[in-house]
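Visitor: Hi! Could you walk me through this one?
Guide: Happy to, let's bring it up.

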Amino acid sequence: MDSIIEIEDLRFCYHADRYVLDGISLAVTPGESVGVIGANGVGKSTFLKILAGLLPEYEGSIRIADHLLEKKNYGEIRRRLGYVFQDSDSQLFMNTVEEDVAFGPLNYGFSREEADRSVKEALRKTHMEGLAGRHIYRLSGGEKKLAAIAGILALQQDDGVILMDEPSVSLDPANRENLIEVIRGLKAAKLLASHDLDFIYDTCERTILLSGGEVVYDGDTKRLLRDKTLLEENGLRLPLSFRFPGNI
Amino acid sequence: MAKLGRAIREIHSLENLAERNTFFNRIHPTAKVLVTIWYLILVMSFGKYDVTGLFGMCLYPLILMISGDISIGQAVRRLKPVLLMVFLIGAANPFFDRTPVLEAGGITVTAGMLSMLTLFCKTGFAVFASYVLIATTTMEQICYALRRLHMPQILVTVLLLIYRYLVLMLKEADRITQAYMLRAPGEKGVKKSAWGPLAGQMLLRSMDRAQRVYESMTMRGFRGEFFLRGSFIPLRQSVFYGVVWCLVLAVFRLVPVFELVGRIFIR
Amino acid sequence: MHMADALVVPAVAGTMYAASTAAAAYSIRKVRLENEPKKIPAMGVMGAFVFAAQMINFTIPGTGSSGHLCGGMLLTAMLGPFAGFLTMTGILLIQCLVFADGGLLALGCNIWNMAFYGCFVGGLLIWKPFMKRNMTKRRITAVSVAACVITLQMGAFSVTLETLASGITELPFSVFIGAMQPIHLAIGLVEGLITAAVLLFVYEARPGMLWAETAAKEEGRFSFRRTLVILAAAAAFIGGVVSLFASALPDGLEWSMERTAGTSELAASGGAYELAESIQGTTAILPDYAFSFSDSAAGTTVSGLVGGVLVIALCIAACYGMKFFRKGKNG
């Protein structure tokens, strides 16, 4: 199966003295759900931002949907790649849900009718149909997260990439469950950076552990999250789900 | 700082009003904006002693408020911000202008009183007319109207963004000041040592947010234009509404309608 | 300082709208030339921030009262004068529509009195030349206070001029000025100090965030000496206008007597007098309904009142009747 993301020897530094990412190589297949975990400051968000094209001065090679990640391809790539920010309010800058979700399609030249159809479909996938006309600032945290995802889905349909930075932060249990269900239903390839290891367990079959600028583990989520030693060596702790084995 | 909480509630209440599905809400916003401006120009063009003529202009806001179920009490409350300045300026008139105009029932009405009255009436009518506009038209629709009236795109975009983030900022300011008050009981405001840090931190966070907004806009292909839309009653109905009101208002400006009607009953 | 609609006549409002539109058009051009797409979301978010921050009470030490931030100065220091002006325009429009703070017709005046002076004068004439060479904490404080004081004085003075040119008040010029200027001097001082405190905080945390035109581009255009000359000329002009008004305009009572009694004698004459009169003449777009001072005035008033009550009652009845009818149809 052809990869939708191909990363070769990615290196990145903010300041000349220290490389935050120092030689990362991996590939993601269409529809795959990959968790990105690691201690604070290890570079999870940086990694996602590089893939989104928000930090263009990287070293190495990145290909997304067969396009090399460079400025001249940003338009094409961003048609297929979406980024869900940790702070949803920064991402939802129109006044109502449907206006915001239609923002991407209209910018990419969809006609009004096509845009409306995409919006409807995207809201359906995220269970937000009833909130189409609602003002953004009246949405709950969970609803904002879903609105942000809908905005991405409206543009890329099913065959793209969705990057999520700390998606479960400040969500109450019900919204969290809802988000997990929505993410599981998305056909796009997904990269989720999160501290919430239980959330990663519920949404990603594959997980990458970053530490010291490198990929220390890349494989099955369950096996990683059970490995107390490996987690603790890299600044993490066992997720709650795995502390009480009887519950699984 | 109860101001912040009140501001948030005011925005919510206006949006609730403007989002109703009444006839006036569905008139094309450009028509409503133009009628409002025309009304304001006509009202302000009345001479300072023309009380009876001016009085006739009360019908526009009155009819719209009653037909559109808009609370007159709320409209009166909106006089608050401009009341002080207008009152101080207007109340001076009877003192400085004591030319007698007419005697009625033993009371001498002076020119100063008349000019004060017209000033107050004009203030009230203007505030009510603006209230009627914003109570039947959402901010997005007003921006749509402004765009149709050829206001530059950049200004409309900035307007929409300010409005979008306004409630967020008001809530954040509210939280920050509440947190401050909890640790500084008895103080009515932010003291000097906290002037810089309190507002400064909020400012820096706002700039960071602006950076993120910019990033998410570019991620979704922003090219400098916000696409606005609306669903209104058929255009010719809105045009008819606009033309009729403009003509009626012009008639009331040129012709002393009230006086003519009154003369029918008084010889 | 937000002016209500009733304080201006259409001619004055229209003039100020034209002036503000010109300033806005110029600002848009300059912002487009700067070509920093990042600025647009910054204008929006900062506009919302300033809006909210201006509602925070900052206690003035020693007194029991509080002051607020100077939005125009803050925006100029963060975004530059042109982006700052456009943002202030947005803020004033939303304040006018949503909070009835200032009238829609008077918006042109308010934009000029607050945004133009605050951003163009405060930003271009004061902030920029002083910050160009070197940005220090002392300079930031001094410039912030000076700019706030000066721009508020100019704004308050403009409010007076616009109100008097509209002829809606009998307040003599001297009384009006005597009230407006000192109050706004105090306000300007306080706002300047508060704004300075915030800017100093930003300067210490992230100095690069404060707007400072790079010297290379605008070399020689605005020198300190030139700024002084401009300010001095402005002061002389304002002073000249003041004395002209003071000598030419009779006090309010005589002025209104002239107008209403219609005597051919003018108590004083002078350029300002005729100017004011011609402005007033043009403010009546449509012919005024003549108001004569005689017994017929009483008759006019009574018929007007009676007719008014009748027509209003009829309209109210019609409105409620229609609402009832519509409810009956739907219910």
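**A chat about loops, contacts and domains**

Guide: Let's start with A:Ala65, which sits in the loop between β4 (59–64) and β5 (67–68) of chain A. Keep in mind that this is a predicted model.

Visitor: Okay, what is phi of A:Ala65 like?
Guide: Phi is near 50 degrees there, which is a positive value in a residue other than glycine.

Visitor: And is A:Ala65 buried or exposed?
Guide: A:Ala65 counts as buried, because it has 22 C-beta neighbours inside 10 Å and the cut-off for buried is 20 or more.

Visitor: Where is C:Ala100, then?
Guide: In chain C, C:Ala100 is found in the loop between α4 (81–99) and α5 (107–133). Phi of C:Ala100 is near 55 degrees, a positive value, and this residue is not glycine.

Visitor: Why does C:Ala100 count as buried?
Guide: Because C:Ala100 has 25 C-beta neighbours inside 10 Å.

Visitor: New topic! How many residues does the contact take from chain A and from chain B?
Guide: The contact takes 22 residues from chain A and 20 residues from chain B.

Visitor: Which element gives the most to the side of chain A that touches chain B?
Guide: That's α4(A), with four residues. By class, that side of chain A has 11 nonpolar, eight polar and three charged residues.

Visitor: Last one: what are the domains of chain B?
Guide: The domain assignment gives domain 1 (20–137 + 234–265) and domain 2 (153–219) of chain B. Taken over C-alpha atoms, the centres of domain 1 and domain 2 of chain B are separated by 37 Å.

Note on methods
Residues numbered from 1 in each chain as written. Chains lettered and ligands numbered in written order. Predicted model: local features only at pLDDT ≥ 70, side-chain atom pairs only at ≥ 80, totals over all residues. Contact = placed C-beta atoms within 7 Å. Helix = DSSP H or I, 4+ residues; strand = E, 2+ residues; numbered from the N terminus. Nonpolar A, V, L, I, M, F, W, Y, C, P; charged D, E, K, R; others polar. Domains from an automatic or database assignment. Buried ≥ 20, exposed ≤ 12 C-beta atoms within 10 Å, placed from the backbone.
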